[in-house]
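Keep the structure open beside you as you read.

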Amino acid sequence: MTSTTKTNIDLLIIGSGPAGTSTALHLLKQDPTWAKRMLIVDKAIHPREKLCGGGITHLGENVLADLGYTIEPSNVPIKEVRLKYEDRHYSFRGDPVFRIVHRAEFDHWLVKEVEALGGNISQGEGVTDVELLEDQGHVQVTTDRRVIRAKTVIAADGSRSLVRRKLGINDGHYVARLIETLTPETTETSWEFKDGVAVFDFTQMTSHQLQGYYWDFPSIVEGKTFMNRGVFDSRAQPTRDKADLKQTLSDSMSDRERELDSKSIKGHPIRWLNFRSTLSRPHLLLAGDAAGADPLFGEGIAIALAYGKVAAAEINAAFAKNDFRFKNYKWRIFRNGVLFSVVLRVWVAGYAYQPHNPGYIRIGWSIARFVLRLTPWSRPNFVPVRKPTANG
Ligand SMILES: Cc1cc2nc3c(=O)[nH]c(=O)nc-3n(C[C@H](O)[C@H](O)[C@H](O)COP(=O)(O)OP(=O)(O)OC[C@H]3O[C@@H](n4cnc5c(N)ncnc54)[C@H](O)[C@@H]3O)c2cc1C
């Protein structure tokens, strides 16, 4: 196809990460005719690398369960999530508390499920320009192959969203910084693997002025076992000085008798939700990281899957009423349990990542340990995930 080729379509989804594929799966499960009315484009070709810890909580698994899916790609079930501050810790327990997937494999699986329902995904096709032509009733999207005129567009193109940039939707500082590295480990070299434990270490909040935590996630990458180690800096207090992420990662790893290979570090931002920000324009919705995720823990996979559900409902309502202004999108986001929890997390992060006296944090950790005992998350046999529905 040449750049002058023109395609007209009811819905164009830009990006086939969890936000884009979840939107497609929700639409296709509700109405199979969407297979002919919708196109997904992604500049990458699956299985594509996506920098990520790969932790999927029950919130994400339940979105998939309601669509009729259980996670098929290989994963590490985490039985204990240990939240640490200096010498104190408390743990969420469950069967499992969450799962750790390899994103290349997980996202590829979702892509194949969309294709199995007849969805058309054009991989290796990058969007280069976006123009809202409201008076003509469509969005004009230019890719490196053609021009697409879409009645509606879902921008699910991640934290560095080109769509946001092209439309001048700018939220300034609402971006968390993350870096990560993988170290080869086995059940012999690392107890976290043997016991299925993921660690979130908040000690660095005071030792390195980090507005976040260091993590250890046992992971399987292409059949081999690795510890996914990284640092999450929420920047929930954007005016404070930035922590030195590389030094924080290096020091945290030395505490665990591991040496950081600087060449192995990779970094990527997570945009966090600013509810006052623009999340839609006429004929266009933002979803997943392009809209905003969680600044408290940096959770984004479950959030992206939930955006898919809400965006699909909004698209169906728009076509039913022939009204593409998307005035109710924020309200729908607010009413979705998972996304409402993100709104709350934005508020909590603003408080939690202020500078605190270490003594108060230690007291907070002791209180949390006590309170947790009163919840189902203290039981190792607690199953937070719903059973998949028969028909999705
Ligand atoms: C280091 C790190 C660790 C993380 N760990 C976790 C974790 O453990 N658990 C968790 O829940 N979340 C985690 N996250 C967050 C999570 O990765 C994201 O929130 C999630 O991937 C968002 O999904 P998405 O579909 O919105 O975007 P993405 O997964 O980023 O997908 C966007 C897609 O759009 C495509 N695209 C981009 N630009 C264009 C273009 N111009 N044209 C066409 N296609 C385009 C990309 O190729 C990509 O496939 C982590 C993030 C980072 C950076």
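Pro 96 sits in strand β5, residues 88–101. Pro 47 belongs to the loop between β2 (38–42) and β3 (55–57). Elements here are DSSP runs numbered from the N terminus, with helices being H or I of at least four residues and strands E of at least two.

Another backbone feature to look up is Glu 257, a residue other than glycine with a positive phi, near 60 degrees. Glu 257 is in the loop between α8 (245–255) and β14 (266–271).

## How to read the model

Please keep in mind that this is a predicted model, in which local features need pLDDT of at least 70 and side-chain atom pairs count only at pLDDT 80 or more, while totals for chains, interfaces and linings use all residues. Residues are numbered from 1 along each chain as its sequence is written, and side-chain values use heavy atoms, with hydrogens and water left out.

## Helix α1 and its contacts

Two packed helices are described by the angle between their axes and the distance between the axes. Helix α1 (residues 18–30) and helix α4 (residues 103–116) have axes that come within 9 Å and cross at roughly 25 degrees. Axes are lines fitted to C-alpha atoms, for helices over the stretch in contact, and angles run from 0 to 180 degrees between N-to-C directions. The two helices are therefore roughly parallel to each other (angles under 35 degrees count as roughly parallel, over 145 as roughly antiparallel, 65 to 115 as roughly perpendicular and the rest as oblique). The crossing is left-handed, meaning that the near helix is turned anticlockwise from the far one by less than a right angle, with clockwise giving right-handed. On the α1 side, the contact (heavy atoms within 4.5 Å) includes Thr 21, Ala 24 and Leu 28, and on the α4 side Asp 107, Leu 110 and Val 114 are among the partners. By class, seven residues of this contact are nonpolar, one is polar and three are charged. Ala, Val, Leu, Ile, Met, Phe, Trp, Tyr, Cys and Pro count as nonpolar, Asp, Glu, Lys and Arg as charged, and the others, Gly among them, as polar.

What angle do the axes of α1 and α9 make where they cross? They cross at roughly 45 degrees and come within 7 Å. That makes α1 oblique to α9, and the crossing is right-handed. Among the α1 residues that meet α9 are Ser 22, His 26 and Gln 30, with Leu 305, Gly 308 and Ile 315 among those in α9. Nine nonpolar, six polar and one charged residues make up this contact.

## Helix α3 against α9

Helix α3 (residues 58–66) also has a contact with helix α9 (residues 301–321), and their axes come within 7 Å and cross at roughly 35 degrees. This crossing is left-handed. Leu 59, Gly 60, Val 63 and Leu 64 of α3 touch Ala 302, Leu 305 and Ala 306 of α9. The contact has six nonpolar residues, one polar and no charged ones.
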